[in-house]
Amino acid sequence: MRKKLRVAAYAVVVRDDQVLLARSPADGGGHEWVLPGGGMDHGEDPLDTVVRELDEETGYRVEVTGLLGLDSSRHVFGSWAGLQGPVDHHGLRIVYEARITGGELRDEVDGSTDMAAWHALDAVPGLRRVRLVDIALKLWRERPVDGRVFVPADPPVTP
């Protein structure tokens, strides 16, 4: 079985009781909201990754103001990213807090997301979103000493 490790860095950016999110294509069609950020390039520092990704996905320049925590997940996929056969995927996601220092909100062109927008914090539960959004907001609210929180997975959808 092929093993795949992906390390990524994301940022929680909150301003005036709104959180900055990016929109990404969802499995099965449609879109879902994600935390701005993404995968580290080989040799890149994770702080540099999150600053680069926020600029690419939202148009904003940011200053990282804190490390909120980590999220580690592991899944086995039947096939993944064009690879044949099962893939044991381990994702390590570094979650920072950041503030806007410049730039203007814009949508990403030819990237993994197609829109960036501010959302009221109390409206987030009603959005179609990835689980990392909930994990990151819980880290932001609770600021646990060990940088870890538990957010239950959504129950499987049954037809």
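Trainee: Is strand 7 mostly covered or uncovered, and how many of its residues are buried?

Mentor: Buried means under 20% relative accessible area, exposed over 50%, and partly exposed in between, with a 1.4 Å probe and protein chains only. Strands are DSSP runs of E, at least two residues, numbered from the N terminus. Strand 7, residues 87–103, is mostly covered, with 12 of its 17 residues buried. This is a predicted model: local features need pLDDT of at least 70, side-chain atom pairs count only at pLDDT 80 or more, and totals for chains, interfaces and linings use all residues. Residues are numbered from 1 along each chain as its sequence is written, and side-chain values use heavy atoms, with hydrogens and water left out.

Trainee: Which strands pair with strand 7?

Mentor: Two strands pair if DSSP finds at least two bridges between them. Strand 1 (residues 2–12) runs parallel to strand 7, joined by 11 bridges; here A8 stands opposite R93. Strand 6 (residues 60–77) is antiparallel to strand 7, over 16 bridges, and G66 faces E97 there.

Trainee: What does S24 touch?

Mentor: Contact means heavy atoms within 4.5 Å. S24 lies in strand 3, residues 18–25, and counts as buried at 15% relative accessibility. Leaving aside neighbours within four places in sequence, its contacts include G30, H31, S112 and T113.

Trainee: Where is H119, and is it buried or exposed?

Mentor: H119 is found in strand 8, residues 115–120. H119 is classed as buried because its relative accessible area is 13%.

Technical notes:
Helix = DSSP H or I, 4+ residues; strand = E, 2+ residues; numbered from the N terminus.
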